[in-house]
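Biologist: Hi, I'm new to this one and would like a walk through it. Could you put it up on the screen, and then we can start with the strands?

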Amino acid sequence: MPKIVFSGIQPTGSLHIGNYFGALKNWLEFQKQGDLCYFCVVDLHAITIDYDPKQFQDKILDTIATYIACGINPEKSIIFIQSKIKEHSELAWLLNSITPVSELERMTQYKDKKIQHAKNINAGLLDYPVLMAADVLLYNTNTIPVGYDQKQHVELARTIANKFNAKFGQTFTIPEHFIPEVGAKIMSLLEPTKKMSKSHNPKSYISLSDSKQDIEKKIMSAVTDSDNKIFFDPEKKPAISNLLSIYHLATGWTLQQIQDKYKDSTSYAQFKKDLANELVKLLKPIQDKKQELLKDKTKLLEILQASTNKAQEQAKKTMEKVKQKMGLI
Ligand code: AQP
């Protein structure tokens, strides 16, 4: 049975290799398998932190172009912008009525974002996981490919769906997360115990749009320990282990093959140089394709129209069922 897959990325900035290895690369596998895939640009999630409305449309378009440049094919997968389908907000409101505030307050992302955005702790920041539950439940999703950071939100979406089904009768499919074995949590280049994030210091992440010079500079100055030995041990050597994982994901070499290659190294310099080169090789075709797509923004939006119609049709069907179950007219 083909799966029904839903996933999204916030247009909060240029996507980074954590988004690529943790999410996008796995989306391609589902697309290749012939699953029914919904890949959304979750702009309504992105407005829960401070943002510049003048730059927002460009960021949304940049994210769409990145999806397509990475290989998401609008003829095979459904690519759309969340705010174009009003049912996302509508269902989120209805699900709010069965979601305990205490569940939302214990979400790790909310606790982190409250500290990071201390001057703008808005209701949307707290309510983020309910909108995410609405995103996935609208499409009868059974599989949600995400990085490790989103696991807790997927669990809450399951709780909400189960609660709704118990209260109003069988309505929603209970979705499951798909978390890749490697790449689920790419760490910051500056603080290897924290996850790579696009809203942190740009030196802490490799953006998919970074130039060769930027990639080299960032990898060469990535934090490491001082023993100059290259082996995988996330506990004792979080920084080198993170770089080894990135090397593995960028090249397809096994961790053992990479460790063997550098077993006689007496410094990290050559390892870092090679890693930077591999990332440049990986990202160059994506960057070229993206630039090409962004030359004609009207056409880029037109490409999404058929996808948006398909998503709209399904969202409408689900909402009709939900409203009827809830006793709305
Ligand atoms: N460091 C990461 N390693 C692996 N996967 C990651 N993802 C994000 N960071 C990593 C996965 O990418 C998808 C989209 O994430 P998002 O942009 O919607 O939100 P996020 O998880 O909050 O990502 P950022 O970069 O940290 O964004 P900001 O800084 O704007 O909050 C998700 O599947 C996520 O798991």
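Modeller: Let us begin with a strand pair: Ile-4 has Leu-36 in E2 as its bridge partner. The model is predicted, so local features need pLDDT of at least 70 and side-chain atom pairs count only at pLDDT 80 or more, while totals for chains, interfaces and linings use all residues. Residues are numbered from 1 along each chain as its sequence is written, and side-chain values use heavy atoms, with hydrogens and water left out.

Biologist: In which sense do E1 and E2 pair, and over how many bridges?

Modeller: Strand E1 (residues 4-9) and strand E2 (residues 36-41) pair in the parallel sense over 6 bridges; two strands pair if DSSP finds at least two bridges between them. Strands here are DSSP runs (E, at least two residues) and helices likewise (H or I, at least four), numbered from the N terminus.

Biologist: And what does the chain cross through from E1 to E2?

Modeller: The chain passes through helix H1 (residues 17-33), and this β-α-β crossover is right-handed, meaning that, with the strands pointing away from the viewer, the path from the first strand over the helix to the second runs clockwise.

Biologist: Is E1 mostly covered or uncovered?

Modeller: E1 is mostly covered, with 5 of its 6 residues buried, where buried means under 20% relative accessible area, exposed over 50% and partly exposed in between, for a 1.4 Å probe and protein chains only.

Biologist: Switching topic, which residues touch the most other members of the largest nonpolar core?

Modeller: That core has 58 residues, and those touching the most other members include Leu-24, Tyr-67 and Phe-271; a nonpolar core is a set of buried Ala, Val, Leu, Ile, Met, Phe, Trp, Tyr and Cys residues joined through side-chain atoms within 4.5 Å.

Biologist: Which element gives the most to this core?

Modeller: Helix H12 does, with 9 residues.

Biologist: What does Leu-24 touch?

Modeller: Not counting residues up to four places away in sequence, Leu-24 touches Ile-9, Leu-15, Asn-19, Tyr-67, Cys-70 and Ile-72, where contact means heavy atoms within 4.5 Å.

Biologist: Now Leu-156, is that buried or exposed?

Modeller: Leu-156, which lies in helix H8, counts as buried because its relative accessibility is 2%.

Biologist: Which residues does Leu-156 touch?

Modeller: Leaving out residues up to four places away in sequence, Leu-156 touches Glu-103, Leu-104, Met-107 and Pro-129.

Biologist: How far apart are the C-alpha atoms of Leu-156 and Gln-324?

Modeller: Those C-alpha atoms are separated by 24 Å, with the two residues 168 residues apart along the chain.
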